[in-house]
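Work through the exercises below with the model open. Try each task before reading its solution.

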Amino acid sequence: MTLNQSDKIQDITSGGFDSEVTAARKNFGKLMTGLVVACVGIAILPLGSILFMLLKNGLSRLFLNFPSVFTELPPPPLVEGGGFSNAIMGTIITCTIGALLSVPFGVLTAIYTVEFGRGNKLSQFVRFCTNVLSGVPSIIAGLFAYGIVVLTMGNFSAIAGGVALSVLMMPIIIRTAEEGLKSIPSEVRQGLVGIGATNFQGVTSVILPATLPFIATGVTLALARAAGETAPLLFTALFSQFQARSLSEPIATLSVLIYNFAIAPYANQNSLAWAAALIIVVLIMFVSILARTLTARKIY
Amino acid sequence: MTNPSTRPAAPQATQSEDIVLRTENVSVYYGAFEAVRNVYLDIPKNKVVAFIGPSGCGKSTLLRCYNRLNDLIPSARVTGKIAYQNNDLYDPKVDPVEVRRRIGMVFQRPNPFPKSIYENIAFGARVNGYKGDMDELVERSLRSAALWDETKDKLKQSGLALSGGQQQRLCIARTIAIEPEVILMDEPCSALDPISTLRVEDLMHELKQRFTIIIVTHNMQQASRVADYTGFFNAEAAEGGSRFGYLVEYEKTESVFNAPREKSTQDYVSGRFG
Amino acid sequence: MTSQTIAKSETLIESSQKFNPVRLVDQIFYWLTVATALGVGFILLWIAWSLLSIAFPAIVKFNIGFLFSTSWNPVNDAFGALPQIAGTIISAIIALLFAVPLGVGVAVFLSENFLPTKVQTPLGLLVELLAAVPSVVYGMWGIFVFVPFILPFLQGIHRVFGWIPLFSTPPSTRQMFTTAMVLAIMILPTIIAISRDSLLSVAPELRQGAYGLGATRWETLTRVLVPSALSGIIGSVMLALGRALGETMAAAMLIGNANRINISLFAPASTISAMIANQFGEASGLQKSALFYQALILMVMTLIVNMLAEVIVNRFQQVE
Ligand SMILES: Nc1ncnc2c1ncn2[C@@H]1O[C@H](COP(=O)(O)OP(=O)(O)OP(=O)(O)O)[C@@H](O)[C@H]1O
Ligand SMILES: [Mg+2]
């Protein structure tokens, strides 16, 4: 590779003895710059369009008899008004279940790979598995939760949805927690050993607290991902027109509501889908910014 | 040159003393590399012992054997015997955590925990099962480390916000608070300015009333000022070409500096080394 | 004074042998972390096993022929995956054809100082935001905004180039081509982010060296920077490919779910994940098994692509 690069440099010299940049070379540069700027323009266009449409369609529905989207239940077809209070609750519930399952698991795993088994076979294996896991298509996480929860419990449920989401959150949590643990200087670990602290004491009272900003970042990033996921919830949490009364029954979520209502042939449903999409995107943006400020608070 | 591996145990200057740590024929390996070879050395109670010698001769390596810190380096292996109060430190029945509670360590770079000054000290004490008055212990430890006056108004501040010299004294205070028998110090003053260095040295004189101290230092004056005994280490090329460290001589500090037995010691302490 | 605070009258061995709850907790904690670390591998196996066990009847019945059969008939239990496999691969590849040049172009733009940092940082943020928008929102945007907007252009293409088989059917509202374009927009951030990182990580000496030899900015870029960042860029493309293959919502909402292979890109088609999303609700028995069989195929496809990506990206990190 390195050899290759020096070849390239020689290429340039052998062709470039002219003392000034020729017109051809200048034009090449202009052309390329133009192309790249065009790329940026084309790339920004869809994003701009999405944001604009979200604001336009979402806001107008949001403020149509204002708090109703937050307080009312989804309307049946051809009925005006309504909202998705149950879906907001459902998204919060399924994401919370996902976090409750994936955070302790992910953080403990990261503690193993960084604190106990740094660089050993098992850590390498975990690293490999984490990478594979982060590439698992989200719909497969849904099928997995269907297989292990829905089939065993006998019905669709918030719990099954949470299990599916936790599979997708896990790699994010493991990675950020690992990153955080690695940022703690090894001198601190030596100091802990030097005063006779056990690993448990050192990790729980000194190292984890110092890692907290990273873990919080990981959790928020994972939540941001989970809140938008639809495919894993389609056959796990399913959907419900009503407010959920227990964790073991089907539950509505914002993302599934967007899917169902966007493909429904009713204008009212469509506009509710836009409002839900706006809420979800704003939520995710907010959470991502939160993650950023959390990382900025890191100690080392 | 005498071959150190066949050299008989050097006559111990410490015979008449109360011995805390006995080092018998200790060698340390990192993988196949022998870092320290065949060290015999006794540490007397309530004394300061200095390890001096050129860089890479295994002073830190040997020091880390005394609190089993080498356990953390997967490739490290210790042979021979280190006895602490008649218990073999490396006895499989011994829990290394217990060793470290009795033999504390202060490191080259100050490493306070990312916690408040108060918690830096209280944490170690709590970990070691201290049940008494914590405020009193924190104050006593900070006073012992000559840090109380500077920090008494900001005990809730982060330990990381202190200056390097203050951080190092905080680390000493943290070690004192767990009341170890022995304190190991690996170049504790190398990151400090001359004033802080002097304060730490003063501290050592007071501390040896209560503790036994082993200090690694590159500063000859420091060794002669603080140490009762001094061990001089050197490195020598082994058969395969790699260099191993060994103990050249271990005597009362005055004799090491004024009447060394070995030529290499003479050269080193007079600065004509290499 | 010494032992008045912390009792150390016992010998080392005594206190090491004595029962100590702290030591027990430490042991339990260690083994707990080992268990969770192993658990990550276990979860992967569990996923594979749960797919396999439900897919098993279909695997036994259709065997490898499943991959090459185009039938999907719940009434007489004849199932195949060829249209979905083809649709998955074709949509992902078309998406890459659009997204790679665009993404590398944007990455070059963001890695060079064409613009002051004041403009560049928000641009980078914008890219990240693009990555955070959920795919179901892209799908909805596709239905209500993108497809209605692009359809007239596609009709124009069909009128002029209709003799080319790829454009031979009148563009339908749900079809392969628009799906692939929405997929392209979705994978753009992945390509931009990783390509940009690998461009930025090219050793500064190389960059300065090239400039020092009198190369213009673009000669430096095309002959030095892009070639040496190539494996990173290819890695990003592979990761993006993995995403495109597994993407469900946009495809389920836009592709039309037609269980046939059509040479024309303007015709409805199907992908594995869209098929699962659409059929799962009503499926039972062997049909459900067949869907899980398809999921298994998808899993293997993404696994291969992601592993290739990892190998390539790792090589890039070593060179760096
Ligand atoms: N973790 C390790 N792994 C492998 N070799 C090591 C390790 N630590 C030290 N060594 C080697 O052991 C030898 C002794 O190192 P040590 O750190 O004990 O020297 P030292 O006398 O403390 O030197 P200095 O005065 O520079 O601190 C050196 O050759 C060093 O390279
Ligand atoms: Mg050293």
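Predicted model: local features only at pLDDT ≥ 70, side-chain atom pairs only at ≥ 80, totals over all residues.

Residues are numbered from 1 along each chain as its sequence is written, chains are lettered from A and ligands numbered from 1 in the order in which they are written, and side-chain values use heavy atoms, with hydrogens and water left out.

**Exercise 1.** Describe the contact between the two domains of chain C.

Step 1. Take the bounds: domain 1 of chain C is 3-52 and domain 2 of chain C is 61-319. Such bounds come from an automatic or database domain assignment.

Step 2. Their centres, over C-alpha atoms, lie 45 Å apart.

Step 3. Four residues of domain 1 of chain C contact four residues of domain 2 of chain C (contact: heavy atoms within 4.5 Å).

Step 4. The two domains bury about 390 Å² between them, 89% of it on carbon and sulfur atoms. Buried area is the accessible area (1.4 Å probe) lost by two parts on being put together, summed over both.

Step 5. Zero salt bridges are counted between these domains (a side-chain nitrogen of Lys or Arg within 4 Å of a carboxyl oxygen of Asp or Glu).

**Exercise 2.** Characterise the interface of chain B and chain A.

Step 1. Chain B gives 22 residues to the contact and chain A gives 17.

Step 2. About 1600 Å² is buried, 71% of it from carbon and sulfur atoms. B:Phe113, B:Pro114 and B:Phe123 supply 29% of the area that chain B buries against chain A, more than any other three residues.

Step 3. One salt bridge is counted between chain B and chain A. A:Glu187 and B:Arg109 meet in a salt bridge at 3.3 Å, N to O.

**Exercise 3.** Which residue forms a salt bridge with C:Arg23, and is each partner buried or exposed?

Step 1. The partner is B:Asp95, at 2.7 Å, N to O.

Step 2. C:Arg23 lies in helix α3 (residues 21-62) of chain C and B:Asp95 in the loop between β5 (87-88) and α2 of chain B, so the pair joins two chains. Helices (H or I, at least four residues) and strands (E, at least two) are DSSP runs, numbered from the N terminus.

Step 3. C:Arg23 is buried at 17% relative accessibility. B:Asp95 is buried too, at 14%. Buried means under 20% relative accessible area, exposed over 50%, partly exposed in between (1.4 Å probe, protein chains only).
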